[in-house]
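I opened my notebook to go through this structure with a friendly eye for detail. My entries follow in the order I looked things up.

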Amino acid sequence: MNKSGLIEALAKKENLTEKKATDVVNLIFKGFTDALKNGGRIEIRGFGSLIVRNYNSYKGRNPKTGSSIEVSPKRLPFFKVGKELREMVNTVNKT
Amino acid sequence: MTKIDIIQNVCDKLGFSKKDSAKIVESVFDVMKDHLEKGEKIKISGFGNFMVKEKKSRRGRNPQSGQEIEITARRVLTFKSSQVLRRALNARA
C-alpha cells in the first residue's frame, strides 16, 4: 500500500472527500518530518515511536572497491514498533 | 509529539471538529495497522516504508546467564526511511 492507497482507504472509512483525506495524510507525515527535523520524538500509542539517532563519523569501506573512506556524522530516523502492533504483526507465534 | 498534537493540528488546519479530528487520525493509524497485520508493506513517498520481515528461528544467548536458547521464528516490523527524509534531517550538517 502506498500513500494514495492509504488516502483512499481513509476516505472510504471516514466518508471523506479524496481532497480532505489527502490533506489529513499529508499533514500527518509533514508533521512527523518537521518534528524529527527539530530533533523531537514522536510517540503514537499502539503504533510505535520515531526518534532521531545521531551517528558519529567513522571509517567505512566502499564495498565495491574496498577503499577506505571517512563516513561523515549523520542523523537517521529510528522507528521502534509499539507493543500492540508488534504483537499484531507477529502472526507466526500467534496461537 | 503524540496523537493529541496531531489531532490538534488536523483540527486547526483542516477545519474538522476536535471530535472528528480525533476519529479521523485514529482511523489513519488503524488502516496502517490493519495492513501491516496482513503482512503487507506501507510505502509513504518522501517519508519511508514500513514493512514486515520474516525472521527465521535462530540460536541466541541469554546475555545475563550465558545460557543458549532458541529464538523462535517471528515476523517483525521494520521502517526504512526515505532518502528525502534522511536528507531533510541532515540538511544542517
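Predicted model: local features only at pLDDT ≥ 70, side-chain atom pairs only at ≥ 80, totals over all residues.

Next I checked the surface. Chain B exposes about 5700 Å², and I see that carbon and sulfur atoms supply 50% of that area. On the inside, buried residues make up 37% of the 93 residues in chain B.

Then I turned to the fold. I count three helices and five strands in chain B, and along the sequence they follow the pattern α-α-β-β-β-β-β-α. The radius of gyration of chain B is 19 Å, well over the 12 Å that the globule rule gives for 93 residues, so chain B is more spread out than a compact globule. I also noted the box filled by its C-alpha atoms, which is roughly 55 × 35 × 30 Å along the principal axes.

For contacts in chain B with a separation of 6 or more, I find that residues 24 or more positions apart account for 33%.

What does strand E2 of chain B pair with? On one hand I see E1(B), residues 42-44, pairing with E2(B), residues 48-55, in the antiparallel sense over three bridges. Their hairpin has three residues between the strands, and B:Gly46 takes a positive phi near 85° there. On the other hand, eight bridges join E2(B) to E5(B), residues 74-81, and this pair also runs antiparallel.

I followed one residue across: B:Phe50 in E2(B) is the bridge partner of B:Ile42, and B:Phe50 also stands opposite B:Phe79 in E5(B).

Definitions and conventions:
Residues numbered from 1 in each chain as written. Chains lettered and ligands numbered in written order. Heavy atoms only, no water. Pairing = 2+ DSSP bridges. Helix = DSSP H or I, 4+ residues; strand = E, 2+ residues; numbered from the N terminus. Rg over C-alpha atoms; globule rule 2.2 N^0.38 Å. Buried < 20%, exposed > 50% of the residue type's maximum accessible area, 1.4 Å probe, protein only. Contact = heavy atoms within 4.5 Å. Areas by Shrake-Rupley, 256 points an atom, 1.4 Å probe, with all protein chains shown as cover.
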